[in-house]
Amino acid sequence: MAAASTRVATGPPIRAREAMLSALTIPAPEPESDGTLEWRATSVVVLELAAGGAHGLGHGWAPPAAARVVHDVLLGVVDGRDAFDVTGAWDAMARAVRNAGRPGIASMAIAVVDAALWDLKARLIGLPLAGLLGQARESVPAYGSGGFTSLSIDGLERQLGDWAASGLSMVKMKVGRDAAADPGRVAAARRAIGDEVALFVDANGGYTRKVALAQAEAFAGEDVTWFEEPVSSDDLEGLRLLRDRGPGGMAIAAGEYGFDLYDFRRMLDAGAVDVLQADATRCGGPTGFLRVAALCRAWGLPLSAHTAPSLHAPLGCAEPVVAHVEYFADHARIEPQIFDGALRPVRGRLRPDPARPGFGLTFKRVDAARFAA
């Protein structure tokens, strides 16, 4: 008897020549800062890819330079490829940026295209992205994130207090710019949110090791349970020192600046964190993020999604290792301005709409035009 033939299902070819690419810069309502950086605007790159009569929408919180890499390098790589072969396209893009340097802008450019490819595949099949990936839960916990060092005490209390009142059970504030003032700011935040809401702090690498240890002890008095980047993420020994010698019950977190799997592997090998962070808009899109999640499963550590709430929520619903998604103030403010379908927390959780395919977003091209970079 002749063996039955096996046919591999294929998707339509990607028509990258019909792609629509936008680079936007959205001003902040006032200057903002954290422990080591100041900014007056936030940039996002948006891409729509066509195949089989459908359009996939991807975006990444990246400088406009990432759009140049998308246009000049990556669209030519994915043009004509099978729209269902997202992994193959990702590998081809990673090879194509070898001489430009895989980390940094190139990785953020790959992230934009990869998000569009996943959205396109899901729309062609007619599924929400979480369903396509294998949905493990209907929603994922979110935490409010802001509390910029540029805020007054009144502004800090108002922002964090409003999040707590809205039902978020976790909030995060920035520290690291003024070590002497930070304990007082943390105490004000605790008063504003009450005793039942978890309080996180993020120094963005603004402290030295000894100062970070002292601050950890001070913050523990206000029941701070999360200390993000107490020292630079490049200082793996310093992170391990904080993890070993910091107060019990205070998790050390870092990883938002990881661009490839080697960045995350080094952090895990060093035992540098209690919770690993990853940002799909930096680490190569959903494909890169899911690979980091696999590392976390192997190491038995939780993963926290950094910013980009509408992008990360479906990934968190498909990956139980994701402890929560950061509902970052700037992105939470901007997403509804440029996307229809942007997610907002309900009772402290982000829940993708099961009736909307892909990421569930539609680009408000006319509304966004005024932000063109």
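The points below go from the whole chain to single residues.

1. Basis of the note. This is a predicted model, in which local features need pLDDT of at least 70 and side-chain atom pairs count only at pLDDT 80 or more, while totals for chains, interfaces and linings use all residues. Residues are numbered from 1 along each chain as its sequence is written, and side-chain values use heavy atoms, with hydrogens and water left out.

2. Overall fold. The protein chain holds 13 helices and 14 strands, where helices (H or I, at least four residues) and strands (E, at least two) are DSSP runs numbered from the N terminus. Its C-alpha trace spans about 70 × 50 × 40 Å along the principal axes. The radius of gyration is 21 Å, which agrees with the value near 21 Å for a compact globule of 373 residues; the radius is taken over C-alpha atoms, and the globule rule is 2.2 Å times the number of residues to the power 0.38.

3. Of the 373 residues, 55% count as buried, which means under 20% relative accessible area, with exposed set at over 50% and partly exposed in between (1.4 Å probe, protein chains only). The accessible surface of the protein chain comes to about 15,200 Å², and 52% of this belongs to carbon and sulfur atoms; such areas come from the Shrake-Rupley method with a 1.4 Å probe, and for residues only the protein chains shown count as cover. The mean positions of the 38 positive and 44 negative charges are 5 Å apart, with Lys and Arg counted as positive, Asp and Glu as negative, and His and the chain ends not counted. The place of a charge is taken as NZ of Lys, CZ of Arg, CG of Asp or CD of Glu.

4. Contacts along the chain. Among contacts between residues at least 6 apart in sequence, 71% join residues at least 24 apart, a contact being heavy atoms within 4.5 Å.

5. Lys174. This residue lies in strand 5 (residues 170-174) and is buried, with a relative accessible area of 6%. The side chains of Lys174 and Asp202 are joined by a polar contact of 2.9 Å; a polar contact is a pair of N or O atoms within 3.5 Å, where within protein one must be able to donate a hydrogen and the other to accept it, and residues adjacent in sequence count only if both atoms are side-chain atoms. Leaving aside neighbours within four places in sequence, the contacts of Lys174 include Ser33, Asp34, Phe148, Arg185 and Asn204.

6. Ser33. Found in strand 1, Ser33 is likewise buried, at a relative accessible area of 6%. A polar contact of 2.6 Å joins the side chains of Ser33 and Thr149, and a polar atom of the Ser33 side chain lies 3.2 Å from the backbone nitrogen of Ser150. Not counting residues up to four places away in sequence, Ser33 also touches, among others, Glu38, Trp39, Lys174 and Arg177.

7. Thr307 and Ala308. Most residues other than glycine have a negative phi. Here, however, Thr307 has a positive phi of about 55° although it is not a glycine, and phi of Ala308 is also positive, near 45°. Thr307 sits in the loop between strand 10 (303-305) and helix 11 (309-318), and Ala308 lies in the loop between strand 10 and helix 11. Thr307 counts as buried at 3% relative accessibility, and Ala308 counts as buried at 0%.

8. Tyr257. The side chains of Tyr257 and Glu256 form a polar contact of 3.2 Å. Not counting residues up to four places away in sequence, Tyr257 touches Asn204, Glu229, Ser233, Asp263 and Arg282.

9. Gly11. Placed in the segment before strand 1 (20-33), Gly11 counts as buried at 16% relative accessibility. Not counting residues up to four places away in sequence, Gly11 touches Asp82, Ala83 and Phe84.
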